[in-house]
Amino acid sequence: MAGASAAAAFGYIHHEMSRRIAIIEDDPAIRANYAEALRKHGFEVAAYAGRGEALGALRTRLPDLVLIDIGLGADIDGGFALCRDLRAASASLPIIFLTARDSDFDVVAGLRLGADDYLTKEVSLPHLLARIAALFRRAELAAAPQAIEERLERGALQLDLKRFSATWRGAAISLTLTEFWMVHALAKFPEHVKTREQLMRDANLVVDDGTITSHIKRLRRKFLAADPAFAAIDTVYGMGYRWKS
Amino acid sequence: MKRWRFSLRVKLALVALLLLALPWAGTLYVNEVERFLLRGQEQTLLATTRAVATALHERPQLLASSSGRDDEVEAILFGVQRASSRIWVVDRQHRVLAVAGDLRRPAELLQQSWWQPLLGWVIQRPTEDFAAALPESELPTAPEIAAALQGTPATRARQTQDARAVVMSAAHPIWSGDEVVGAVVAEETTNPIVSMKSEALERLLLLTLGVFAGAAALLIAFATRLSLRIRSLRDEAESAIDARGRITRLAAGSGAGDEIGDLSRSFSAVLERLAQHHAYLESMADRLSHELRTPIAVVRSSLENLKLSPQGADAARYIERAEEGLARLNRILGRMMEASRLEQSLSTVERSRYDLSAVVGACAEAYRMAYPEASFAVELPERRMEVEGSPDLAAQLLDKLVENAVDFSRGGAPVRIALGETGGAAVLSVANKGRSLPEGMRSRLFGSMVSVRETGDPAKPHLGLGLYVARLIAEFHAGRIDAADLPSGDGVAVSVRLPLAWK
């Protein structure tokens, strides 16, 4: 499976036995399913149904990663508030939104609150595990001194494949995991057109064309903020996108 | 046979014809009065003859003394005679002893009203130009004279010889002792009464015509106003649901207090409910897909957990099938979301100026690869076609049109993608050979969840949102989209008009 191989490619699923993941999800069936699946993969899991309950428990001991649903029962934007509180408690805590809501507005709002990634519930378990693994790696390496790096350089673009960080003309571009994988997929073979389906596969994403379009739009905006002359991501109408070198 | 259709105005005019009953009743009344007057005239004549006879009765010598006309008798007659009447006295031998007066009315009594020449052909005035027979020629044949000479007063109405007038005559015996010595005869035409009747009828006719014309004018004005209001209501009601299925409100007559105002208001209410229902249907896809995502996530995560546990070969097979089903469900949801997500994002999409020709060209190249089984004929203009909007959306629009055209294309004829300019707008049309548009679907085609597909490939779900998405994008570009059968009748062309950006 593409997701499983992607997860395997980043080389880590079963080794981190002591990692603790918190799930805040109002639907009991989904909550239990994700919790059990993550436990089977060796994580320690704490599951909560509501914001107050989660905040009370997590404040005393922060987990290593949090999965948050936006709508928490009657608290329709409870996930956003929880994300803000947790981000205030820790700047480095990896936070992933895992939600049924996928409007641009929600995605932008979620990422602006400091979440590291935004996934819709279409994401498969292997894809989710790949992201969790990647975020743990990023958190781990952010603290560690510069080690031997696995880098991809395309002109002004530098991608650090271990830390999942990107720089453009020396300036750091803050990317979510999804965005990082999309840039990576595009920049790996410059001038090759990547269809939306290919991008989806490479970014471990199961979404529709429209979502890819808005991801690309957000990516461009982030690069343009660092460099107003940025034009490396080219739209090939009717096909997809390519990286212009 | 063509069924006759009467407009409201014609019907009201027909109803106005009932007013004609009024002059008919008037005519009956006038005739009745005429009969009454004639009887009066008869009695008057008889009274006159009686008076003369009585006068002569006292002077029998006047009758006996002479054998010819007698001046003294004539003097008496002159005393009782009236204009337009004639009185004469005869003796037993039918000799006329005296005559006074004339049957013809003097000309100064005949006054002409201004309308008479206009109405003369409808209502005949009595004429004074008739053959007034001389008394001598009347005598032997007149039954009333014979009766009077027998001793009985009598009256008679007769026509003149030329039948132009009716003469009323009365005769009264003159007694001398026990014997009748002669008779007094008074004659008068009915012309004074007939001319009164004619005048009355003329006035009645004029009045009727006037009232009828006035009433008809009022009715027609009223009917015209009603017709206009109803017609404008009809026009508005017809255009309330436009060619692209959008529902607007009615304005005509909504403030009027009468039935048409009521009708317009209830039309408006119906349309409003229809619009709500329409909006509900359009948002249905969105809500449905949102609601479905959570249970689908439950099913999928459960399946994934199941896969993690040890299981038999059977279980793996069923899990695989369940996952296929889920994937299909997800595709359906994806399509449902596409329209609503597009609706949401349209308000935030940045508008830019771009060359539509380049976008269409690039897309066309891509379609040749994406649909290897189909062929394409592409016509692009040489020059740039700058429009205002979003090139990504334009490409999405073209995707939808081409996807449809390829699906409906029959007989291996190429799908024709053409871009041209007409009247300040870029016209992009995608045409395919195949069956024509179903009757009545043309205007609904671009609504949400409208599909004309008969059967579908279950792996490629169609929810009738493709052309709806296309319409949203065309409208975002301030353009419009239409579908029509090809002139040859063997296919369909969908054309999009997008206004060109100002130079």
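**Notebook: chains A and B**

I looked up burial in chain A: of its 245 residues, 47% count as buried (20 or more other C-beta atoms, placed from the backbone, within 10 Å of the residue's own). I note that this is a predicted model, in which local features need pLDDT of at least 70, side-chain atom pairs count only at pLDDT 80 or more, and totals for chains, interfaces and linings use all residues. Residues are numbered from 1 along each chain as its sequence is written, with chains lettered from A and ligands numbered from 1 in the order in which they are written.

**Chain A**

I found nine helices and twelve strands in chain A (DSSP runs numbered from the N terminus, helices being H or I of at least four residues and strands E of at least two).

**Where the chains meet**

I recorded 28 residues of chain B in contact with 23 residues of chain A (contact: C-beta atoms, placed from the backbone, within 7 Å). On the side of chain B that touches chain A, α9(B) supplies the largest share, ten residues.

**A helix pair in chain B**

I then examined α2 (residues 21-57) and α8 (residues 191-239) of chain B, which pack at an angle of about 165° with axes 10 Å apart. Axes are lines fitted to C-alpha atoms, for helices over the stretch in contact, and angles run from 0 to 180 degrees between N-to-C directions. The two helices α2(B) and α8(B) are therefore roughly antiparallel (angles over 145 degrees). Among the residues making this contact are Leu22(B) and Val30(B) of α2(B) and Leu201(B) and Thr208(B) of α8(B).

Terms used. Contact = placed C-beta atoms within 7 Å. Parallel < 35°, antiparallel > 145°, perpendicular 65-115°, else oblique. Buried ≥ 20, exposed ≤ 12 C-beta atoms within 10 Å, placed from the backbone.
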